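Hi,

Here is the structure I promised to pass on. Have a look, and my notes follow below.

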Amino acid sequence: MNANTIAMACHLCGLLGYLANGLGSIFGPLIVWILKKDEMPFVDAHGKEALNFNISVMLYGIALVAATFLTFGFGIFLTAPLGLGLVVFHVYFAIRAALAANEGEMYRYPFTLRLLK
């Protein structure tokens, strides 16, 4: 496999959290990144970006759940639509990043905490 395909896999593996448990969105890109980061600098850069994005999305989701509980459930009228928007945001930008990786371009996700540098 070439670096573009593996970098694309880093981004698409982040969507595994919707099929498996929520942590699949972290472990999928993490495994691909760990296996190929030393051999392919392009995969290293995309893997870090994918991990940062998926960790950020998970933290935003946790914040929405916490807000729901802190308002004794009344906040669900606000957090449920925001949660649905977060899912759409996650899927859209993961696919956009995967397409950029497949074309050999770097991609920076918006609203992402840069935890891995």
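How far apart do the end C-alpha atoms of residues 55-76 lie, and what percentage of the span is helix? The distance is 22 Å, with 77% helix and 0% strand. Bear in mind that this is a predicted model, where local features need pLDDT of at least 70, side-chain atom pairs count only at pLDDT 80 or more, and totals for chains, interfaces and linings use all residues. Residues are numbered from 1 along each chain as its sequence is written, and side-chain values use heavy atoms, with hydrogens and water left out.

That span comes from UniProt, whose unreviewed entry lists residues 6-35, 55-76 and 82-99 under "transmembrane region" (positions are in the numbering used here, feature names are shortened, and annotations may be inferred rather than shown by experiment). Residues 82-99 are 100% helix and 0% strand, and their end C-alpha atoms lie 26 Å apart. Helices here are DSSP runs (H or I, at least four residues; strands are E, at least two), numbered from the N terminus.

On to the cysteines. With a disulfide taken as a pair of cysteine sulfur atoms within 2.5 Å, the count is 0. Cys-10 is in none, because the nearest cysteine sulfur, in Cys-13, is 7.0 Å away, too far for a bond. Cys-10 is buried at 0% relative accessible area, and Cys-13 also counts as buried, at 18% (buried is under 20%, exposed over 50%, partly exposed in between, with a 1.4 Å probe and protein chains only).

Last, His-46. This residue sits in helix α3 (residues 41-70) and is buried, at 0%.

Cheers
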